[in-house]
8 protein chains.
Amino acid sequence: MQTTQKNRVAVLLGSEHDAPLVEGAFTVLQELDIPFEAHILSAHRSNEAAIRFAEKAAEEGYAVLIAAAGKAAHLAGVLASRSLLPVIGIPLSASLGGMDALLSTVQMPNGYPVATVAIDGAANAALLAAQILALGDENLSFRIQERRKAMAEKVAQADERFHRSFTPNR
Amino acid sequence: MQTTQKNRVAVLLGSEHDAPLVEGAFTVLQELDIPFEAHILSAHRSNEAAIRFAEKAAEEGYAVLIAAAGKAAHLAGVLASRSLLPVIGIPLSASLGGMDALLSTVQMPNGYPVATVAIDGAANAALLAAQILALGDENLSFRIQERRKAMAEKVAQADERFHRSFTPNR
Amino acid sequence: MQTTQKNRVAVLLGSEHDAPLVEGAFTVLQELDIPFEAHILSAHRSNEAAIRFAEKAAEEGYAVLIAAAGKAAHLAGVLASRSLLPVIGIPLSASLGGMDALLSTVQMPNGYPVATVAIDGAANAALLAAQILALGDENLSFRIQERRKAMAEKVAQADERFHRSFTPNR
Amino acid sequence: MQTTQKNRVAVLLGSEHDAPLVEGAFTVLQELDIPFEAHILSAHRSNEAAIRFAEKAAEEGYAVLIAAAGKAAHLAGVLASRSLLPVIGIPLSASLGGMDALLSTVQMPNGYPVATVAIDGAANAALLAAQILALGDENLSFRIQERRKAMAEKVAQADERFHRSFTPNR
Amino acid sequence: MQTTQKNRVAVLLGSEHDAPLVEGAFTVLQELDIPFEAHILSAHRSNEAAIRFAEKAAEEGYAVLIAAAGKAAHLAGVLASRSLLPVIGIPLSASLGGMDALLSTVQMPNGYPVATVAIDGAANAALLAAQILALGDENLSFRIQERRKAMAEKVAQADERFHRSFTPNR
Amino acid sequence: MQTTQKNRVAVLLGSEHDAPLVEGAFTVLQELDIPFEAHILSAHRSNEAAIRFAEKAAEEGYAVLIAAAGKAAHLAGVLASRSLLPVIGIPLSASLGGMDALLSTVQMPNGYPVATVAIDGAANAALLAAQILALGDENLSFRIQERRKAMAEKVAQADERFHRSFTPNR
Amino acid sequence: MQTTQKNRVAVLLGSEHDAPLVEGAFTVLQELDIPFEAHILSAHRSNEAAIRFAEKAAEEGYAVLIAAAGKAAHLAGVLASRSLLPVIGIPLSASLGGMDALLSTVQMPNGYPVATVAIDGAANAALLAAQILALGDENLSFRIQERRKAMAEKVAQADERFHRSFTPNR
Amino acid sequence: MQTTQKNRVAVLLGSEHDAPLVEGAFTVLQELDIPFEAHILSAHRSNEAAIRFAEKAAEEGYAVLIAAAGKAAHLAGVLASRSLLPVIGIPLSASLGGMDALLSTVQMPNGYPVATVAIDGAANAALLAAQILALGDENLSFRIQERRKAMAEKVAQADERFHRSFTPNR
């Protein structure tokens, strides 16, 4: 996992229309300087291509696969059944508030887990991928740590700002 | 669709444990004298076999595919993405009362419908298959009609029995 | 099922207001060159007309009935109880995200299946009807196949476009 | 509504198997001395009989119709669409805790209300029928009042018993 | 129930803000020429007034009480516990799509039914009240019948319009 | 709040049948030596008594009211609308897994909060009452603290036991 | 609890973006003249700060802690596990209509109650805090009482206005 | 990640009572020869210990943390907020079919993902951990592959058995 080659993440979308919902993943991966590629692959409309991608993913240097899909979201499951790489599923809120996609993604049968994140939780999917890659990459681990600190710092600043301006009766 | 060859139904189960939940389908198919075969095929544990089955189903003479699965039920979806035959999905109540299987089965994306029946509705899946086959088979159509009449007759008898014995104050 | 006469689909709506939600079905049926007719028939406001339609549907040459309704969607059930033709139900998202219509459509009792598609899944209802009709119509089967190929092709093109433009760090 | 003739309630069940779930209605109707009859009538398996019953119900002297059904419970809706009498629906907990039957019963479209009571709430359905009949029957009104008093009395006695025996530290 | 005095309906709202959601009830009651009055009464903010209203409702000539409320909708229950008149509950969709109001209204305990109609189903609540009042008022019964016919006529016209203009390939 | 008089909690149940579900509250109150009384009071079957209790609760020395009820659980709301004391609601799992009771208890309108605890969370209701009372009672505060320590100690012991016996490959 | 020092409420938010959803709490606390402070504290992004706050809250004079958070809302739980003060949880409707936040807030395990109010029920959270504080503060109790009276008065005025203008046929 | 030291998994339970629900994880980890330890750590009853564990987990050689909890399941979230290691969450079906635990586990806010598996999906949690560890351990990767093959083989055998014995009419 030490070679840059292997530290790659694939972000796979069921449809081009879902791209805006997944931008958070791209931002996080770029911030953390993690090489990735993105593809449109449909569990049903391009099932063959999805399987081909999953089966070659490991040897092409991917370490983690992220799949985003809505409704009866099967894409993550297809990848999970055809690759040994950890698969992260992002349920999208295309209908029923995303409850259908959540259940279709997370309720996988014995033997084929999908690491499911929150509905529309693209940024977290990327972070989870980063945390997995960081197990073999101390520099990345350090970058995630720094990102967390910055986030905590922002919360502290927001707290100060908020405490001052919104607390009415001091 | 007139040859016996083509009038065959496939009943596919995600797991051997689900067999008791699907018995209703076998009973109906036998009652209506519809040739069928049953297989254990898992969307994830034997994805390759499931795809192979789907792709050859038409030329092997199957006309309708019935798939029963629980939780994140993807089996019907796999078949639908790899065959032009009508696919009927039976969501099984393995968890959450079957709500997860229902949504995973019915909420299919554009282009790949699954004809979903009730949770644990195996008998209805077989009847739906029969109604589809009956479009090209008048004898079968007649048998379904007779079955319906018998059912209505039973309801009428139950009504009489019930009306007499349960109605207290006549 | 070979005569044009018989290859007809009926698309039935509970209310004129639902027409926009069902347009996807018309588009697909036209694309696939399947003769169809559309009617406003309400399970409750015009129950008699709905039953009359269902009972004459087969002899008038219809092969598949599609019913779209929201809330306590009973239209598909009415048709299913009065015709032997396969009935496809489209639950519409008029309230509760369509969960009420989905359950009212799919949870049919033993003996009277409704082939339920996704909430607001009008296009898929039409495709399911097409797949059923295609069992006895090789030309239609070919047209569906071509449509699928075109769809897969579009996904492949979308993938290329997306892979190039959205993948940031190549 | 003053003649005994008219003060009749019909309790209609979708299936003989549901009889135990509806016993509470019989008990209440007998306690309140309200003439009633009970029938097995299925929205789908005996749709014709159900419609015939609904259409003649008023002239046969029924004033209120109670319908109990589970899953995609359409029986109350069928009656409501074919009779002007108030229709009370009891959703039965045959699946999904009765949520499917509740939504199929209560979410009726404009023009055709079903007075829905609690899931498995047979006793309350009978009471609601009684309260409706009592609008034109002072004696019945008095009997309901007495029943309520007895009930409140029982709660008061239960309170005393409970307060004494379960309150530990007095 | 024959005197005009007694044929009155009360439409009670938990809050002035809910008035637009309940307009359908006013329209129906006016169309059917049923005398009614409307009040803002809160189960919690004016519990005393609500109880006072319920306890005097019968002697003030009301025959049916309609209560509309959202969220943890208790208003119908308050009225039901303090009056023998039939109480109709309209769950309003103030949050969770109205699921909270539906369950708070319909799941009443033994002894105190609330006749629940659809979420935001104000028009149906008024119609249900009308059907109850019509048990003792043949003229009203006739007016409801006429209204139904007009509605069926409208559906038939909509069907014609739709069938002509939306059916593409005739 | 310092006098024993005032430190009293009332535990109110909608029905005697619910007593076993509420035992956890009695145990906690006894462990923490908090004087309490228990009553059967129904929001609907004994609405008057419930209101009388609520209105006198403060002057009778109660400081916190706990109400447990299932289905369309209105008891806590009744108390909240008639007393200024904090009211704690325990939703009971009588139907739908307790979801109906939870929503009926927690979704209170503006002005009348009910402090809702988990479904069947009787012990926690008692603890919440204790924490409220402890604001004016340092000894009670100390007892709660000790109870927490004992609980943490038990978890630590369970951990040791578990870690030794269940961890297989050390 | 008599000193002003102790009568303080803390309103804690998981994120600055949630501030508008919580304004109702500030308004109520100001109306009732209850000293309070507000902070941004995240259960996860600033877990340490949240714990530090909870552990010092009692000695810094806080009597009640209010925590508002959406999605997998853990903030109230963090505070409850680290302080003996009563913790009030406001589930925010950031996704799934707030159902996720409601369940994450209310379904606390034995030993650590969170007093949960309605989804987005900020005003009620403040009122609940006020009712708790009022147990030891008669003046506050009086102010809450006055506020309630004013509210009831407003309902009465709304009723008059509504009754006059919206009741059509008087 | 190559040293045995680092390849360790921690399986953490909120309560000793949950042990039977998590056995599937132990079985899988033993089958795949992955060193692991198991602990009882409660998000609330032993929050300090949970945090201490999380903060030292990386340096003690853990690579993946698995947390199983029911109801308002916060344990995985606590670990995620205090460690950079990937955290896998198993929602347990203690109430509401596990829907509360699922939402409390999966709907994590931005910055702190929890890799959620199916309700009661302990075996899959272990497999997901294994797949993550296998990124840096070819032998483990091979063992997972073999396990999958064995599983597919079992499905094939079940299929044969089932096809022979359950297919009635060959």
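The legends below describe close-up views of a predicted model. Local features need pLDDT of at least 70 and side-chain atom pairs count only at pLDDT 80 or more, whereas totals for chains, interfaces and linings use all residues. Residues are numbered from 1 along each chain as its sequence is written, and chains are lettered from A in the order in which they are written.

**View 1. The contact between chain H and chain A.** Taking contact as heavy atoms within 4.5 Å, 40 residues from chain H meet 40 residues from chain A. The two chains bury about 3500 Å² between them, 62% of it on carbon and sulfur atoms, where buried area is the accessible area (1.4 Å probe) lost on being put together, summed over both parts. In chain H, the residues that lose the most area to chain A are H:Leu84, H:Leu135 and H:Arg148, which together make up 23% of what that side buries.

**View 2. Chain B laid on chain D.** Superposed by least squares on the C-alpha atoms of residues with pLDDT of at least 70 in both, chain B can be laid on chain D with an RMSD of 0.0 Å by a turn of 90° and a shift of 0.0 Å along the axis. The two copies are thus related as by a four-fold rotation axis. The copies use different surfaces, since 6% of the contact residues of chain B recur in chain D.

Methods: Heavy atoms only, no water.
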